[in-house]
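Subject: Model handover

Hello,

Here is the model for your files. My notes on it follow below.

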Amino acid sequence: MSDQSLKRVDLIFGEYSNVKYKILADTLARTNDAILKDILDSGLRGRGGAGFPTAMKWKYTAETTSEEKYVICNADEGEPGTFKDREILLRVPRKVFSGMAICGKVIGSKKGYMYLRGEYRFMLNDLNRELDIYHEHAKKLGFDFTIEIRLGSGAYICGEESALFESMEGGRGEPRNKPPYPTTSGFMKKPTVINNVETFVNVMMIMRLGPDQYKKLGTTDSRGSKVFSVSGDTPIPGIYELELGMPLDRFVDEFGDGDTKAVQVGGASGFCVPRKKFKDTVIGFEGVPTGGSMMIFNSSRSMYNVLHNYLEFFQEESCGQCTPCRVGCQQLLKGIVAVKKGEKKAAYLDQLMKLSESMKITAKCGLGQSVANSFSSIVNNFKEEMIY
Amino acid sequence: MAECSELIKELANKYGRERSSLLPILQGVVERQNFLSDTCMTDIAKELDLSAAQVFGTATFYSFLDTEPRGKFVIRVCKTITCDMHGKKTIIQTLEDMLKIKVGETTPNKKFTLLETNCLGWCHEGPAMLINEIPFSGLTTEKIHDIISDYITK
């Protein structure tokens, strides 16, 4: 049975050290090169979903010369089915702030921000109390790096890093053209490291365990453990820390209700995997990547309704700046409704598929580009449900 | 509104008069006055030396920055997939019946506004909603009765 069950890990939510901010204090005594080397050796990739190697991001920013640099923690968790960052911030905020501080040291920044989604404002007072403790300890250590929390106001797109900068600068959350990348021009056009909440906690794990022990978790392409948000048709919804690189069929054995028809991996912007493909699907950067969202659907669910819900979501959350995304989301939604009602022939779905492919190529940011992921994976795998 | 310009000065003194202070100031006004009136937004523009277009542009982008009058308690029910699957419709119906308003409306006594919103991050405990900033999850008809009865007395 041990071979069958998924390996649970308890590192991210593990207890704090007895002495407050001990690992931070120990790490601050090390050289930047040694810290960067540990993160590079660990193979850590960003935990927000895109999976960019963290050490490279930090290295590029460290190498950019500037009077001012910023560290930003992206806590604008908004992907449907994702709630891991809320759990991390509720349970182990100290690890997040410590990770940010270490980043500040490595890149030579004196100022960090956490961009907390407005939906999580209820945590603000507790987080600020922890920040008071952090600032007290940083002062004692003679370490000049302060952290401030900024709130979002209910806009999914602000989780896109350049939209987040725009929002923090007081503008509409409209993504910028890339390049330039944040490592050279981020918040206030200054070199900026922006990482997901969980990525900063992973840095602390590496500092505590060392890269060799950290690397033992996961697979070659997907090192370490990952916090998964499991929801939908499951008897045991919740937060689970698991090794990366697991096959989806084993995940479904453990979390499904015995009647699982499909799993949406990576939220509304991710991929829908039907039952027949569970066996051949690996969860990780080498297979289907995920920021942690795993939504399980059983055979009582209409995949048309699921897709309709996603498209409504995208249509509302599109910033409206570029035409492919603004009009594309509206047309995809109108299109599936028309096919379902019989106002358009089934072949119209092929037209819609082409539209989603153009969005993938032409939309300005990840939102518009990724609508095609769920659209094509649901329409291709559940075509009859779209029509009848 | 004289009261509004006082508040704006207070918030600008606290957060600064930079463009990057705009969002915290807008959030501060919504927190205290439940919404952003046109006068209030033009006053903010003056205080921060921005154009009204810039302030209106930013304010109208964010779903939590209301530019229409709202009640003292704004209820936002999550309508994203897992909450929808787990009975969001019944929750909305119960709230509509209790408050005698439809989604998008405010009670005549200006106490409650009922809205729908996108994923709140409580998918494992859906259906979920926010009342102002306080989250409620694992909602049932009974729970809604208890919560709303409590808020009615507030």
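**Helix pair**

In this predicted model, helix α11 (residues 303–317) of chain A packs with helix α14 (residues 366–381) of chain A at an angle of about 170°, their axes 10 Å apart. Axes are lines fitted to C-alpha atoms, for helices over the stretch in contact, and angles run from 0 to 180 degrees between N-to-C directions. α11(A) and α14(A) are therefore roughly antiparallel to each other (angles over 145 degrees count as such). Helices (H or I, at least four residues) and strands (E, at least two) are DSSP runs, numbered from the N terminus.

From α11(A), the contact residues include A:Leu307, A:Tyr310 and A:Phe314; from α14(A), they include A:Val371, A:Phe375 and A:Ile378. Contact means heavy atoms within 4.5 Å. By class, 11 nonpolar, 1 polar and 1 charged residues make up this contact. Ala, Val, Leu, Ile, Met, Phe, Trp, Tyr, Cys and Pro count as nonpolar, Asp, Glu, Lys and Arg as charged, and the others, Gly among them, as polar.

**Sheet**

Chain A has an open sheet of 4 strands, ordered β3-β2-β1-β4, with parallel pairing. Two strands pair if DSSP finds at least two bridges between them. β3 (146–151) and β4 (192–196) of chain A are at the edges with a single partner strand each, so one side of each has no neighbour in the sheet. From one strand to the next, the twist averages 20°. Strand β1 (residues 70–75) of chain A runs parallel to β4(A), joined by 5 bridges. A:Cys73 has A:Asn195 in β4(A) as its bridge partner. Helix α5 (residues 93–107) of chain A packs on the sheet and touches β1, β2 (111–116), β3 and β4 of chain A. Its direction makes about 150° with that of β1(A).

**Interface and salt bridges**

Chains A and B bury about 3,200 Å² between them, 57% of it on carbon and sulfur atoms. Buried area is the accessible area (1.4 Å probe) that two parts lose on being put together, summed over both. A:Arg121, A:Ser153 and A:Arg172 supply 18% of the area chain A buries against chain B, more than any other three residues. In contact are 49 residues of chain A and 31 residues of chain B.

Between chain A and chain B there are 2 salt bridges (a side-chain nitrogen of Lys or Arg within 4 Å of a carboxyl oxygen of Asp or Glu). A:Glu316 forms a salt bridge with B:Lys79, with the closest N and O atoms 2.5 Å apart.

**Conventions**

Residues are numbered from 1 along each chain as its sequence is written, chains are lettered from A and ligands numbered from 1 in the order written, and side-chain values use heavy atoms, leaving out hydrogens and water. Local features need pLDDT of at least 70, side-chain atom pairs count only at pLDDT 80 or more, and totals for chains, interfaces and linings use all residues.

How values were computed:
Angles under 35 degrees count as roughly parallel, over 145 as roughly antiparallel, 65 to 115 as roughly perpendicular and the rest as oblique.
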